[in-house]
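Here are my notes on the model you sent over. Have it open while you read.

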Amino acid sequence: MQNLTLNVQGMSCGHCVNAIEKSVGQLTGVELVKVNLTDAQVNLAFNKVQVSLDKIKETIEDQGYEVE
């Protein structure tokens, strides 16, 4: 299991939190996704054998946010 924190720009409200947590949480191999709106961060725990970091970033970007 890999734990990671991503900096994500463009999040501003509860809808943003729900969109990211739902879309990333549905990916196979993602065990935890928690958005911290105040710090503009997404905390993750995932199995890198089942899902790549690039796939997670792509999923966040598909929701309209920028991963730094």
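1. Ground rules. This is a predicted model, where local features need pLDDT of at least 70 and side-chain atom pairs count only at pLDDT 80 or more, while totals for chains, interfaces and linings use all residues. Residues are numbered from 1 along each chain as its sequence is written, and side-chain values use heavy atoms, with hydrogens and water left out. Helices (H or I, at least four residues) and strands (E, at least two) are DSSP runs, numbered from the N terminus.

2. The salt bridge. Searching the whole structure turns up one salt bridge (a side-chain nitrogen of Lys or Arg within 4 Å of a carboxyl oxygen of Asp or Glu). Its partners are lysine 55 and glutamate 58, with 3.7 Å between the closest N and O atoms. Both sit in helix 2 (residues 53-62), three residues apart, or about one turn of the helix.

3. Buried or exposed? Buried means under 20% relative accessible area, exposed over 50%, and partly exposed in between (1.4 Å probe, protein chains only). Lysine 55 is partly exposed because its relative accessibility is 37%, and glutamate 58 is partly exposed too, at 40%.

4. The two sides of helix 2. Ile56, Thr59 and Ile60 are the buried residues of this helix.

5. What covers the buried residues of helix 2? The cover includes strand 1 (2-9), helix 1 (14-25), strand 2 (30-36), strand 3 (41-46) and strand 4 (66-67).

6. Threonine 59. This helix 2 residue counts as buried because its relative accessibility is 10%. Its side chain reaches the backbone oxygen of lysine 55 at 2.8 Å. Setting aside neighbours within four places in sequence, threonine 59 is in contact (heavy atoms within 4.5 Å) with Ser23, Val24 and Leu27.

7. Glycine and alanine. Just after helix 2, glycine 64 has a positive phi of about 105°. Alanine 40 also has a positive phi, of about 55°, in the turn of the hairpin that strand 2 and strand 3 form with four residues between them. These strands pair (at least two DSSP bridges) in the antiparallel sense over six bridges, and valine 33 stands opposite leucine 44 in strand 3.

How values were computed. A polar contact is a pair of N or O atoms within 3.5 Å; within protein, one must be able to donate a hydrogen and the other to accept it, and residues adjacent in sequence count only if both atoms are side-chain atoms.
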